[in-house]
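Thank you all for coming; I would like to walk through one structure slowly, taking the contacts between side chains one group after another. Please keep the picture in view while I talk.

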Amino acid sequence: VARVRIGQILMSIRTKKTEDAKFEKDAVEALRRAKFKFPGRQKVHVSNKWGFTKLTHEEYLRKKEKGLILNDGVNCKTLTEAEGDIRPRGPLRNFLKLAGIKA
């Protein structure tokens with residue numbers, strides 16, 4: 001028996017962005033139909049985040065241009081930006097040292 005909390009995300013899908021939003025509409029319709037397979041009330045939410053990251057599309061492009069994004073599979077690691085120089089902090093500093101990446 002699976003236990004889930006109220007408001008917990010059950011499924012997450014990412015689709016290709018197109019001008020007519022065809023893929024997004026199809027994904028929303030597929031999730032709308034799938035929610036009837038689960039007991040209780042389910043909601044379908046369309047996020048403005050880029051892929052499975054915590055960043056919006058504009059933030060992602062801006063940080064990628066500045067070199068503050070490190071690819072990490074489907075996610076990304078972000079470096080902080082302080083007074084124009086890049087200074088990694090916390091566990092990411094250790095990751096960069098192990099990976100041999102200078103930032």
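The side chains of Glu 29 and Arg 32 come together in a salt bridge, with 2.9 Å from N to O, where a salt bridge is a side-chain nitrogen of Lys or Arg within 4 Å of a carboxyl oxygen of Asp or Glu. In general, side chains of opposite charge can pair when their charged atoms come close. Before I go further, please note that this is a predicted model, in which local features need pLDDT of at least 70 and side-chain atom pairs count only at pLDDT 80 or more, while totals for chains, interfaces and linings use all residues. Residues are numbered from 1 along each chain as its sequence is written, and side-chain values use heavy atoms, with hydrogens and water left out.

Glu 29 also meets Arg 33 in a salt bridge, at 2.8 Å from N to O, and in this way Glu 29, Arg 32 and Arg 33 are linked in a network. Glu 29 and Arg 32 are three residues apart in helix 1, which puts about one helical turn between them, and Glu 29 and Arg 33, four residues apart in helix 1, are also separated by about one helical turn. Helices here are DSSP runs (H or I, at least four residues), numbered from the N terminus. As for accessibility, Glu 29 is partly exposed at 28% and Arg 32 is partly exposed at 35%, whereas Arg 33 is exposed at 55%; buried means under 20% relative accessible area, exposed over 50%, and partly exposed in between, with a 1.4 Å probe and protein chains only.

How many salt bridges does the rule give in total? The count comes to three, and one of them joins Asp 26 to Lys 22, whose closest N and O atoms are 2.8 Å apart. Asp 26 and Lys 22 are four residues apart in helix 1, so about one helical turn separates them. The charged end of Lys 22 also sits over the ring of Phe 23, 5.9 Å from its centre; for this, NZ of Lys or CZ of Arg must be within 6 Å of the ring centre and within 35 degrees of the ring normal.

Ala 21, in the segment before helix 1, has a positive phi of about 55 degrees although it is not a glycine. For background, most residues other than glycine have a negative phi.

Let me turn to the aromatic rings. A search of the whole structure finds one aromatic pair, and the rings of Trp 50 and Tyr 60 have their centres 5.8 Å apart and their planes at 35 degrees, so the pair is tilted. The rule takes rings of Phe, Tyr and Trp (its six-membered ring) with centres within 6.5 Å, and calls planes under 30 degrees apart stacked, over 60 edge-to-face and the rest tilted. Trp 50 lies in the loop between helix 1 and helix 2 (57–66) and Tyr 60 in helix 2, so the pair ties together parts that are 10 residues apart in sequence.

Key:
Helices (H or I, at least four residues) and strands (E, at least two) are DSSP runs, numbered from the N terminus.
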